[in-house]
Amino acid sequence: MTDTQTASTVAPEAPAAPAREAAPGVVHGLYTEGEPIADTKAPQGPIEARWNKRKFDAALVNPANRRKLTVIIVGTGLAGGAAAATLGEAGYNVKSFCYQDSPRRAHSIAAQGGINAAKNYKEDGDSTFRLFYDTVKGGDYRSRESNVYRLAEVSANIIDQCVAQGVPFAREYGGLLDNRSFGGVQVSRTFYARGQTGQQLLIGAYQALERQVAAGTVEMFSRHEMLEVVVVDGKARGIIARDLVTGEIETHLADAVVLASGGYGNVFFLSTNAMGSNVTATWRAHRKGAHFANPCYTQIHPTCIPVAGEHQSKLTLMSESLRNDGRIWVPKNAADCEKDPREIPEEDRDYYLERIYPSFGNLVPRDIASRQAKNVCDEGRGVGPKVGDFRRGVYLDFTDALKRMSAEAVAEKYGNLLDMYQRITGENPYEVPMRIYPAVHYTMGGLWVDYDLQSSIPGLFVTGEANFSDHGANRLGASALMQGLADGYFVLPNTIRDYLAKGPFPKLEESHEAVVEARASVDARVSKLLSINGDRSVDSFHKELGNIMWEFCGMERSEEGLLKAIDLIRGLRDEFWRNVKVLGSADTLNQSLEKAGRVADFLELGELMCIDALHRRESCGGHFRAESQTEDGEALRHDDEYAYVAAWEWGGQDGAPVLHKEDLVYEFVEMKQRSYK
Amino acid sequence: MNLTLKIWRQSGPKAKGEMVTYPVTDISEDMSFLEMLDVLNEQLNARGEEPIAFDSDCREGICGMCGLMISGKAHGPEVTTTCQLHMRSFSDGDEITIEPWRADAFPVIKDLVVDRGSFDRIIQAGGFISANTGSAPEAHSVPVPKPKADRAFMAAACIGCGACVAACPNASGMLFMGAKITHLGELPQGQPERDARVVSMVTQHDLEGFGGCTNIGECSSACPKEIPLDVINQLNKDLRGALMRGE
């Protein structure tokens, strides 16, 4: 690094803030609009025939040629682990990466409630079409029909696959699989393993992956973090990764790259994501040309344990399956909010979800349950300790369930969740109603992909939560596990072969200009972070960013707030590159350095999320614009203007992002304003 | 509350380590144990000392990434993971020692961070059911009696944190291994590879430098998921059977 660069107050990374109303054609001074885009890979025709047609049309790779092809997969959760195992079984050379010490720890493991599948084992009217319909409706008509139908179609195969691997799903006394119902639907199609469904599914995928490691088809790189994607002649050809133990910057080249690196909820600092969950892999790809779709679509989960104090490092979710048997309420009168809830008589309680939504009651979709919790707390009827001027909590009460089902039966179904609540809060939920409050949980947005799960960079595929494709503006419960495994086991392995059949691509040397450049940019960034030596810790920046995002880009967004947030984020990003303090060196395990790189990317993503939220002047799913609501305060969509995917192209270091619209066409489901009343 | 922490610092895998004393003040009982270490790390960072390296990820007790010896006990005084341990389990004035997992098969990488790759290699040796993607029969074609499904689930709850090894005077990995043998062995799908699995996993376990089991039971009492000791009986029984059948 030259002296001039070291002396500079702004990092080479930090995009300068373009002045508002600067360039002609720049909307709000914040973005420009580019050409519309379209998904060119989904076949036309009857929706139930499309996936089979695509599988047939996708080119095949001869088994003998597969071992000549290398695929890099970043992330070992359900989407990445399942893909690595499946492509390894098929005979490809797979290189699998995760930042954790073992692939078994990916954050899919924390999913509690279950996985949806259209098996109709309960004979309660379920079908592939109904799962498709519920998911499109639940996503508030902002997802693609073709993708969602395929998801519903392969859902049944997932259950078969997992059972064959030994996933210990809950069973009935006859030995057959049990199901339960979940938010936003009226059938029982959710398969579960007590409150540890994600863990059990991930262990299944992990074991399949380790089997391939033993077989020599998959090479595993744990404690490795991807820091850059290598793009050569417009195609993704590898990654630059840092060995987190030795600090070595490594180049890994391949014929295709798959990002299965999860969501970006940690931009809010406090979320239910794991401490290490980050946007770096997808953000680096975005900066290299991959469009980022619908970044403002974030899911705020209604049933989390409320914040206890300033020291809080993360939030803990409790499965929304608790809403099956628990009842949510707050006192009718604000004066009762400090009372022991057991002393508040029935007539003084407001079971507000049952009151407002009599047909779905406590099982309304997550976005609605979360916003109503915020509303009753804003009215001053929240419970628990005060955070700022308000009490941020509502009761989730198992008293009726305990009377109806016995304590043993409740423990059988929810025991581990209730125990976890007690460990964290010190209160016994079998005696005192639990307190819950919404928290950031999942991000529906992600890198734009076509029907083949290929991003706008050829050869770069994106699966699971890291892509945007299946959940629209709101994800239904028990659908994330379904999508992760659908992508990993069944979709990607069938679509990536169409691309790989064009390979093997010309052999690439590490001395190639594009490889050298990618590696040099990673080296420079690491050196820069360690050389600033300012006054503030990485965490202090992350917390401040999180507060801005939660306040202005959380459960309710407004034009005024979002504009303010964008200014605040730009100021914070500028300060970060001048004043962050990262100790230690680059050639060893350095957790502050790891965090610094992730927060630097969150500081760029946060701005794009606000721009996306600002441009979408409608409410839909998890995106609630204060300016766009019905008289009852429900989300009001504007299908005539906004029935499209907003795919953002990186506008360059100093430029504004470019918006590309992909129109959403509904041929099989009629678009309606959602009603759960 | 105010506490005195004695923490193992070791700058790298080959470096010599030592216990270093750090006083911490104004710790809230609602903090988790790891949040208390976050507070200490922020203070260290502010005064120019390198923060203490420790592993954690989900911080909700399920990923198995965290794990500390806290005053000589794996995951500390409660039956839970380190991340779910809260400061209300301690009292003002307490002196707490914090060390990494201690076992030859888990070498220290830095400070409180260890390498548990040996667990992955035990799974690679046979901790799976071979079922290629797409080859599975309809899920309801093989019913599983509920008691067997429940026992499989109980054993499958293992999070691979390594507390069992750290707690064992012999640093044995038998509880970890027994849990996997029991999980897969209870299910009809796990039968075809049952004999080969146990022999191969035990062989790998010994190669990795884990110790033998002498039925002390510290592993099970330290296990945050309360995996019972009888999974080790199951392992031994399966191993005997497999060897007798000539595996």
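These legends accompany close-up views of a predicted model.

**View 1. The two domains of chain B.** Chain B splits into domain 1, residues 3-110, and domain 2, residues 116-129 + 143-244. The C-alpha centres of domain 1 of chain B and domain 2 of chain B are 28 Å apart.

**View 2. The surface between domain 1 and domain 2 of chain B.** Here 19 residues of domain 1 of chain B are in contact with 21 residues of domain 2 of chain B. Together the two domains of chain B bury about 1,400 Å². Carbon and sulfur atoms give 63% of that area. Which three residues supply more than any other three of the area that domain 1 of chain B buries against domain 2 of chain B? They are Val79(B), Ala105(B) and Phe106(B), with 36%.

**View 3. Polar and charged links between the domains of chain B.** One salt bridge is counted between domain 1 of chain B and domain 2 of chain B. Asp55(B) and Arg116(B) meet through their side chains in a salt bridge, at 3.9 Å from N to O. By class, the side of domain 1 of chain B that touches domain 2 of chain B holds 11 nonpolar, five polar and three charged residues.

**View 4. The interface of chain B and chain A.** Each partner is counted in turn: 73 residues from chain B and 73 residues from chain A take part in the contact. The two chains bury about 6,100 Å² between them. Of this area, 51% lies on carbon and sulfur atoms.

**View 5. Salt bridges and polar contacts between chain B and chain A.** Five salt bridges cross the interface of chain B and chain A. Glu138(B) and Lys119(A) meet through their side chains in a salt bridge, with N to O at 2.9 Å. The count of residue pairs in polar contact between chain B and chain A is 44, both residues being at pLDDT 80 or more.

**View 6. The side of chain B that touches chain A.** Several elements of chain B give two or more residues to this side. The helices are helix 1 (33-46), helix 2 (117-124), helix 3 (146-156) and helix 5 (174-185) of chain B. The strands are strand 6 (108-110) and strand 7 (113-114) of chain B. By class, the residues on the side of chain B that touches chain A divide into 36 nonpolar, 20 polar and 17 charged.

Note on methods
Residues numbered from 1 in each chain as written. Chains lettered and ligands numbered in written order. Predicted model: local features only at pLDDT ≥ 70, side-chain atom pairs only at ≥ 80, totals over all residues. Heavy atoms only, no water. Domains from an automatic or database assignment. Contact = heavy atoms within 4.5 Å. Buried area = accessible area lost by both parts, 1.4 Å probe. Salt bridge = Lys/Arg side-chain N within 4 Å of Asp/Glu carboxyl O. Nonpolar A, V, L, I, M, F, W, Y, C, P; charged D, E, K, R; others polar. Polar contact = N/O pair within 3.5 Å; in protein donor to acceptor, adjacent residues only side chain to side chain. Helix = DSSP H or I, 4+ residues; strand = E, 2+ residues; numbered from the N terminus.
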